[in-house]
Amino acid sequence: MARKRVVVLISGRGSNMAALIDAAGDPNYPVEIVGVISDRAEAKGLNAAAALGIEAVSITRADHPDKASLDAALDAELKRMRADIVCLAGYMRLLTPGFTETWAGRLINIHPSLLPLFKGLDTHARAIESGMRVHGCSVHFVTAEMDGGPIIAQAAVPILPGDDSDRLAARVLAVEHQLYPLALRLVATGKARMENGRAILSGVSAEGALLSPGAATDELDIESLARMTP
Ligand code: GRF
């Protein structure tokens, strides 16, 4: 099967982008990363992508009179790059409904919470504040509703006693780097698709769309976990 052409959209450091590029370095991975686009010219991830020989361009709001023309430019660039699938990886801009409609089923995002909990920003602090014992990350198809599209895959990460948002964010990020390549593989191979506003998985075992807290074992403090057990 031909590898799918994937473009990654970023705004900043691009560590999830790097994880996808790394996964695509395996010739058996069903994706090639053909471009990276940032809405910020100074995004660190742009240089990192260019250094790896990947076409890296910025399309900024400052160069466009309104959101619709920014998204039209983005759409044109994605078509020029012949993108099959678009991955949002820390792209900090809301996309217009016209754009999400055009790319429906081919546009995915990673969000640092177990959706539908904690849409939007500051997810780690909000998860700690909530008193929940489990947090995590989700990859979902993008629709016009922010962080509201159908969920493809999720990974759970325990909230440990003494966690602050930085510690928790670091543990979640490490798991994001595992989850995003897994979820993109499902979409690229047609095992995850969007139908009537739902994510349909086929030929996927339950584990295939879920990473358990075991995924971050080297970060776990087993004694703390034991103290949490009643
Ligand atoms: C990640 O936590 C991702 O889930 C969120 O923004 C952050 C981007 O980090 N959407 P990076 O740029 O991939 O390092």
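Guide: Gladly! Contact here means heavy atoms within 4.5 Å, and helices are DSSP runs of H or I with at least four residues, strands runs of E with at least two, numbered from the N terminus. This is a predicted model, in which local features need pLDDT of at least 70 and side-chain atom pairs count only at pLDDT 80 or more, while totals for chains, interfaces and linings use all residues. Residues are numbered from 1 along each chain as its sequence is written, and side-chain values use heavy atoms, with hydrogens and water left out.

Visitor: Why are α5 and α6 called roughly perpendicular?

Guide: Helix α5 (residues 123-130) packs on α6 at an angle of about 115°, with the axes 9 Å apart. Axes are lines fitted to C-alpha atoms, for helices over the stretch in contact, and angles run from 0 to 180 degrees between N-to-C directions. Angles under 35 degrees count as roughly parallel, over 145 as roughly antiparallel, 65 to 115 as roughly perpendicular and the rest as oblique. The pair α5 and α6 is therefore roughly perpendicular.

Visitor: What makes α1 and α6 oblique?

Guide: Helix α1 (residues 15-24) and helix α6 (residues 165-188) pack at about 50°, their axes 9 Å apart. That angle therefore makes α1 and α6 oblique to each other. On the α1 side, Ser15, Asn16, Ala19, Leu20 and Ala23 make the contact, and on the α6 side Leu173, Glu176, His177, Tyr180, Pro181 and Leu184. Seven of the contact residues are nonpolar, three polar and one charged.

Visitor: Why does Val187 count as buried?

Guide: Val187 sits in helix α6. Buried means under 20% relative accessible area, exposed over 50%, and partly exposed in between (1.4 Å probe, protein chains only). Val187 has 9% relative accessibility, so it counts as buried. Leaving aside neighbours within four places in sequence, Val187 touches Ile85, Gly105, Ile108, Phe141, Ile152 and Ala192.

Visitor: And why does Ala104 count as partly exposed?

Guide: Ala104 lies in the loop between α4 (97-102) and β5 (107-111). The relative accessibility of Ala104 is 32%, so this residue counts as partly exposed.

Visitor: What makes β2 largely enclosed by the rest of the structure?

Guide: Seven of the eight residues of β2 are buried, so the strand is largely enclosed.

Visitor: How do you know that β1 and β2 pair?

Guide: Two strands pair if DSSP finds at least two bridges between them. β1 and β2 have seven bridges, in the parallel sense, and Lys4 has Val31 in β2 as its bridge partner. Strand β7 (residues 151-158) pairs with β10 in the parallel sense over two bridges, with Ala155 opposite Leu211 in β10.

Visitor: What is the order of the strands in the open sheet?

Guide: The eight strands run β3-β2-β1-β4-β5-β6-β7-β10, with mixed pairing. At the edges stand β3 (56-58) and β10 (210-211), each with a single partner strand, so one side of each is left without a neighbour in the sheet.

Key. Ala, Val, Leu, Ile, Met, Phe, Trp, Tyr, Cys and Pro count as nonpolar, Asp, Glu, Lys and Arg as charged, and the others, Gly among them, as polar.
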